[in-house]
Amino acid sequence: MPDGGYADTYSPRKVLDDPSFRVLASGEAPAPDANIAAFYNPNHEIHLVEKPRPTPGPGQVLVHVRSTGICGSDVHFWKHGRVGDSMVVTDECGSGHESAGEVIEIGEGVTQWKVGDRVAIEAGVPCSKPSCDHCRVGRYNACPDVVFFSTPPFHGTLTRYHLHPVEWLHRLPDSLSFEEGSLCEPLAVALAGIERAGLRLGDSTLICGAGPIGLVSLLSARAAGAEPIVITDLFQSRLDFAKKLVPGVRTVLIERSLTPKDAAQKVKVAADGPVKVAIECSGVESSVHTAVHATQFGGKVFIIGVGKNEQVFMYLSANEIDVSFQYRYANQYPKAIRLVAGGLINLKPLVTHRFKLEEAVSAFHVAADPSQGAIKVQIQD
């Protein structure tokens with residue numbers, strides 16, 4: 001566990017060892033004003049818990065979390081207990097990191113926020129120390145002592161009351177709902193990818209994967225002026241959703257029997273040639289290979305999706321294709337809020353299912369079941 005910055009403040013033991021912490025039995029109704037949350041554990045169980053209501057200290061505020069989206073990583077931690085080798089569920093762990101809410105208490109010395117302010121919660125809190133090279137130069141997503149809520153061992157923001165440092169909250173304009181505020185988290189991921197991929201007006205663009213990150217990348221690429229845009233997926237229903245979201249997008253259904261080169265040929269037909277920029281959002285190895293083979297000489301493949309990928313280095317070299325990767329995001333929240341508030345990106349259609357906080361367990365089961373057709377599941381309180 002990180003030993004600098006906010007790691008002690010948000011130590012999971014402070015919650016787990018508190019006498020008021022308890023796991024609710026299946027079907028048990030929590031107390032009306034209890035600080036409930038959705039937790040998973042190494043036994044791949046998902047359940048509600050009651051935990052202590054925190055009190056804000058200096059430089060902190062208490063947020064009543066009003067809306068939280070379920071991310072694919074939340075489902076993965078529940079079902080598989082890990083993402084890679086460094087993020088492993090070893091105890092009860094709180095879920096959720098796509099959240100927005102309302103300030104209900106402020107700590108000592110807090111002047112920039114007041115009770116009633118509506119905020120989006122940036123879930124990654126770095127150490128912010130001058131001695132940290134990454135924080136000092138603004139690449140705080142690489143801070144080794146970052147506390148990223150819902151990444152084990154730190155508990156997440158899918159809870160009624162969440163304590164947060166004042167510097168890592170973002171004011172929501174009156175025109176934005178709490179739901180839209182929570183969706184600014186996956187939008188921040190997509191915007192970081194669009195920015196680092198160097199996408200420009202008129203660039204032909206491929207987006208691999210029409211899940212939530214692929215769809216917000218689609219919205220972002222359209223707002224950035226990419227044309228044409230091709231999006232791929234294994235499921236026609238998701239491609240149909242993408243078409244409704246951005247009518248001008250060109251969709252390509254990938255059959256599981258296709259080789260990456262054959263799939264790339266379908267993409268090139270749809271795009272009227274190789275694309276300049278490919279943004280890979282699935283993390284699936286075969287999809288990465290498809291992106292590479294669909295990209296033009298001198299183009300760029302940008303990989304947002306997390307997975308076990310072995311790159312096709314000879315083809316990349318022979319075609320001078322640049323490959324870049326992404327780890328979370330930095331400096332994207334203000335831009336995300338501006339784009340949504342300004343009407344350049346409409347996130348509202350992404351939400352397909354809504355649940356009350358007390359129904360969080362049911363929400364997780366819907367998010368994890370492809371047959372339910374969920375794009376983004378929201379939990380509201």
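In this predicted model, strand β2 (residues 35-40) and strand β3 (residues 46-51) form an antiparallel pair with six bridges.

**Strand β2 and its partners**

- In β3, His-47 is the bridge partner of Phe-39.
- Five residues lie between the strands in the hairpin of β2 and β3, and there His-44 has a positive phi near 60 degrees.
- β2 also pairs with strand β7 (residues 93-94), in the antiparallel sense and over two bridges.
- In that pairing, Cys-93 of β7 is the residue opposite Tyr-40.
- Six of the six residues of β2 are buried, and the strand is mostly covered.
- In a regular strand, side chains alternate between the two faces of the sheet.
- On one side of β2 are Asn-35, Ala-37 and Phe-39, on the other Ile-36, Ala-38 and Tyr-40; all are buried, so both faces of the strand are covered.

**Strand β9 and its partners**

- Strand β9 (residues 118-121) is covered on both faces, with Arg-118 and Ala-120 buried on one side and Val-119 and Ile-121 buried on the other.
- Strand β8 (residues 98-106) is an antiparallel partner of β9, and four bridges connect the two.
- Arg-118 of β9 has Glu-102 standing opposite, and Arg-118 is among the buried residues of the strand.
- Strand β13 (residues 169-171) also pairs with β9 in the antiparallel sense, over three bridges.
- In this pairing Leu-169 of β13 is found opposite Ile-121.

**Contact of helices α7 and α8**

- Helix α7 (residues 260-271) and helix α8 (residues 285-293) have axes that come within 8 Å and cross at roughly 50 degrees.
- The two helices are therefore oblique to each other.
- The crossing of α7 past α8 is right-handed.
- From α7, the contact involves Pro-260, Lys-261, Ala-263, Ala-264 and Lys-268; from α8, Ser-286, His-289, Thr-290 and His-293.
- Of these contact residues, three are nonpolar, four polar and two charged.

**Cis peptide bonds**

- Pro-152 and Pro-153 are joined by a cis peptide bond with omega of about 10 degrees.
- Pro-153 sits in the loop between β11 (147-148) and β12 (161-165).
- A cis peptide bond also runs from Glu-227 to Pro-228, where omega is near -5 degrees.
- Pro-228 belongs to the loop between α5 (212-223) and β15 (229-233).

- Ser-150 is not a glycine, yet its phi is positive, at about 85 degrees.
- The loop between β11 and β12 holds Ser-150, and Pro-153 lies in the loop between β11 and β12 too.
- Ser-150 counts as buried because its relative accessibility is 1%, against a cut-off of under 20%.
- Asn-331, a residue other than glycine, also has a positive phi, near 60 degrees.
- Asn-331 is in the loop between β19 (322-325) and α10 (333-341).

Conventions. Residues numbered from 1 in each chain as written. Predicted model: local features only at pLDDT ≥ 70, side-chain atom pairs only at ≥ 80, totals over all residues. Heavy atoms only, no water. Axes fitted to C-alpha atoms, helices over the stretch in contact; angles between N-to-C directions. Parallel < 35°, antiparallel > 145°, perpendicular 65-115°, else oblique. Left-handed = near helix turned anticlockwise from the far one by under 90°. Contact = heavy atoms within 4.5 Å. Nonpolar A, V, L, I, M, F, W, Y, C, P; charged D, E, K, R; others polar. Buried < 20%, exposed > 50% of the residue type's maximum accessible area, 1.4 Å probe, protein only. Pairing = 2+ DSSP bridges.
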